[in-house]
Amino acid sequence: MSALKTLARSAAEATEEAATAAFRTDVLTGLMAPRKALPPKYFYDEAGSRLFDLICRLPEYYPTRTELGILHARAGDIGAIAGAGATLIEFGSGSSEKVRLLLDAMAAPAAYVPIDISGAHMRAAVARLGRDYPGVAMLPVEADFTRPLAVPAMAGQGRRLGFFPGSTIGNFTPDAAAGFLANAGEVLGPGSAFVVGFDLAESAAKGAEVLHAAYNDRQGVTAAFNLNLLARINRELGANFDLARFRHDAFYDRAERRVEMHLESLADQRVRIAGESIRFARGETIHTENSCKYTPAAFARMARHAGWAQRVIWTDPREWFAVTVLERAVSDAG
Ligand code: AVI
């Protein structure tokens, strides 16, 4: 093996070790807290990313296909807002499927910059995309987009268009969502535009049962996705969770306007994780995810506080989901 290859391998191993150390710290901190919780970003290992792709195709999980319908109907408008030679930057790109609608509608897009924590999944998706869009520079960034990050120098002189679909913004607390929008504004820069998809709260047009069904599908895929977090801790941290002794639970909290996901312990039990023994009382839960829902007015207010002007908002005919385009002033002073 060449010295260069050895060096590249040890750098990759060091990165992996650092990621495992951060995972161990986050898991132990979350499970030793008085109210147990785990960060939802850890759902997305290889198995979790595959399960999430299955969720997106479930009959009950309306957000993906509803958002696709809106993007399909409005792609021309988005392409016009982007202008010729734009660079498209996607936060949390996953399978890079929805972005095709935008790339098809944009005039000579210069580059596509997907940012995702799940490197292998992203690289496979980008390889497929690159074959279909040979004229677009593919510049993947393997990173946690909730942290400050550097985006590669952009090809082309066009506008920067951010893309954050799928209501992923709902997985932040409202404060963190505002922080993310402000940070994305720094990454995208003056004069940029930002296409964000978000899920709408319960309303006269959307009953809470729609939200409940979306997170409690009949095939149990969402349950498997939730439980995979424990399987991942077993795999990567050598823990001994017995998955049969935990149960998926998801419900809509009307006052907080969010769907909460939990894993409920079905017994009094102890679990060994990275040298620690952690006690779970019967009925105690690990809070694994919040999926916050917004009214159009609440979202516009949050975006404004984060330094964005709302150019437009579109919903589907049932008014279950929304896609908005935000814009940043051309000069910071503006
Ligand atoms: C990625 N995110 C927007 C999904 C959501 O709806 O909050 C994750 C998910 N959790 C359960 N089902 C889907």
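Me: Which helices each supply at least two residues of the lining of the second largest pocket?
Reply: This is a predicted model. The second largest pocket has a volume of about 820 Å³. Of the 24 residues that line it, the closest to its centre are Thr15, Ala19, Ile117, Glu142 and Arg232. The helices that each give at least two lining residues are H1 (3-32), H5 (119-132) and H8 (221-237).

Me: Which helix gives the most to the lining of the second largest pocket, and with how many residues?
Reply: H1 spans 3-32 and is one of the helices with at least two residues in that lining. The top contribution to the lining of the second largest pocket is that of H1, with eight residues.

Me: Is Leu58 buried or exposed?
Reply: Leu58 sits in the loop between helix H2 (46-55) and helix H3 (62-82). Leaving out residues up to four places away in sequence, Leu58 touches Arg65, Asp217, Gln219, Val221 and Thr222. The cut-off for buried is under 20% relative accessible area. Leu58 has 3% relative accessibility, so Leu58 counts as buried.

Me: What distance separates the C-alpha atoms of Leu58 and Arg218?
Reply: Along the chain, Leu58 and Arg218 are 160 residues apart.

Me: What is the phi of Arg257?
Reply: Most residues other than glycine have a negative phi. Arg257 lies in the loop between strand E7 (246-253) and strand E8 (258-265), and counts as partly exposed at 38% relative accessibility. Although Arg257 is not a glycine, its phi is positive, at about 50 degrees.

Me: What is the phi of Glu319?
Reply: Glu319 is in the loop between strand E12 (309-315) and strand E13 (321-327). With 45% relative accessibility, Glu319 counts as partly exposed. Glu319 is not a glycine, yet has a positive phi of about 60 degrees.

Me: What is the radius of gyration of the protein chain?
Reply: The protein chain has nine helices and 13 strands, and 50% of its 334 residues count as buried. For 334 residues, a compact globule would have a radius of gyration near 20 Å. The value for the protein chain agrees with this, at 21 Å.

Technical notes: Residues numbered from 1 in each chain as written. Predicted model: local features only at pLDDT ≥ 70, side-chain atom pairs only at ≥ 80, totals over all residues. Heavy atoms only, no water. 1 Å grid on protein atoms, 1.4 Å probe; cavity = no way out; pocket = protein on both sides within 12 Å on 5 of 7 lines; lining within 4 Å. Points joined across faces, edges and corners; volume = space filled by probe spheres on them. Helix = DSSP H or I, 4+ residues; strand = E, 2+ residues; numbered from the N terminus. Rg over C-alpha atoms; globule rule 2.2 N^0.38 Å. Buried < 20%, exposed > 50% of the residue type's maximum accessible area, 1.4 Å probe, protein only. Contact = heavy atoms within 4.5 Å.
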